[in-house]
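Let's take a friendly walk through a protein together. Have a look at the sequence and the 3D view first, and then read on.

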Amino acid sequence: QVQLVESGGGLVQPGGSLRLSCAASGIRFSDFRTPTMAWYRQPPGKERELVARITSGLGKSYADSVKGRFTISRDNAKTTVYLQMNSLKPEDAAVYYCNVPAQPGFSEVWGQGTLVTVSL
């Protein structure tokens, strides 16, 4: 069973940076079996939204609100996906979730989330 564990959240001042990590267990990435993975976030009182996605071929896509500030990457040897967040704004505050979307060979999986707070 695939499990995702996020880490790296915390309190940061506006303009600061954080790097989130998502470690996948119960799965082994390989050249022939590497899932698309994504980061979502859910601000307080709002719906969950897609932040960034990375495919097995390292194609990347971002929400307009984070383009130029956030970078998604992956280390297949460590079965880990990262989200580098720079120039953080108060509106980036949210619980950030790692996700493996449903796709051939993989069922949908969600992590438990990590809280990012952006405040003075």
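What follows goes from the overall build to the sheet, the disulfide, the core and a few single residues.

## Before we start

This is a predicted model, in which local features need pLDDT of at least 70 and side-chain atom pairs count only at pLDDT 80 or more, while totals for chains, interfaces and linings use all residues. Residues are numbered from 1 along each chain as its sequence is written, and side-chain values use heavy atoms, with hydrogens and water left out.

## The overall build

How many helices and strands are there in the protein? There are zero helices and eleven strands. Both kinds of element are DSSP runs numbered from the N terminus, with at least four residues (H or I) for a helix and at least two (E) for a strand. The radius of gyration is 14 Å, close to the 14 Å that the globule rule gives for 120 residues, so the protein is as compact as a globular protein of that length. This radius is taken over C-alpha atoms, and the globule rule is 2.2 Å times the number of residues to the power 0.38. Along its principal axes, the C-alpha trace spans about 45 × 25 × 20 Å.

Buried residues make up 43% of the 120 residues. Here buried means under 20% relative accessible area, exposed means over 50%, and partly exposed lies in between (1.4 Å probe, protein chains only). Among contacts (heavy atoms within 4.5 Å) between residues at least 6 apart in sequence, 52% join residues at least 24 apart.

Strands of a sheet pair through backbone hydrogen bonds, either parallel or antiparallel. In this model, four strands form an open sheet in the order β1-β3-β8-β7, with antiparallel pairing. Strands β1 (3-7) and β7 stand at the edges with a single partner strand each, so one side of each is left without a neighbour in the sheet. From one strand to the next, the twist averages 15 degrees; axes are lines fitted to C-alpha atoms, for helices over the stretch in contact, and angles run from 0 to 180 degrees between N-to-C directions.

Two strands count as paired if DSSP finds at least two bridges between them.

| Strand pair | Bridges | Opposite residues |
|---|---|---|
| β1 and β3 (residues 18-25) | five | Glu-6 and Cys-22 |
| β9 and β11 | three | Ala-94 and Val-116 |

Strand β9 has six of its seven residues buried, so it is largely enclosed by the rest of the structure.

## One disulfide

A disulfide is a covalent bond between the sulfur atoms of two cysteines. A search of the whole structure for cysteine sulfur atoms within 2.5 Å finds one disulfide. Which residues does the disulfide join? It joins Cys-22 to Cys-98, with an S to S distance of 2.0 Å. Cys-22 lies in strand β3 and Cys-98 in strand β9 (residues 94-100), so the pair ties together parts that are 76 residues apart in sequence. The link is left-handed, with -80 degrees about the S-S bond. Cys-22 is buried at 0% relative accessibility, and Cys-98 is also buried at 0%.

## The core

The largest nonpolar core has 28 residues, and those with the most contacts inside it are Met-37, Trp-39, Leu-83, Met-85 and Tyr-96. Such a core is a set of buried Ala, Val, Leu, Ile, Met, Phe, Trp, Tyr and Cys residues joined through side-chain atoms within 4.5 Å. The elements that give two or more residues to this core are β3, β4 (37-42), β5 (49-54), β7, β8, β9 and β11 (114-118). Leaving aside neighbours within four places in sequence, Tyr-96 is in contact with residues including Leu-20, Trp-39, Leu-83, Met-85 and Val-116.

Is Ser-21 buried or exposed? Ser-21, found in strand β3, is buried, with a relative accessible area of 16%. Beyond residues up to four places away in sequence, Ser-21 touches Val-5, Glu-6, Ser-7, Trp-39, Thr-80, Val-81 and Tyr-82.

Thr-79 is in the loop between β7 (70-75) and β8 (80-85). At 12% relative accessibility, Thr-79 counts as buried. Not counting residues up to four places away in sequence, Thr-79 touches Cys-22, Ala-23, Ala-24, Ile-27, Arg-28 and Phe-29.
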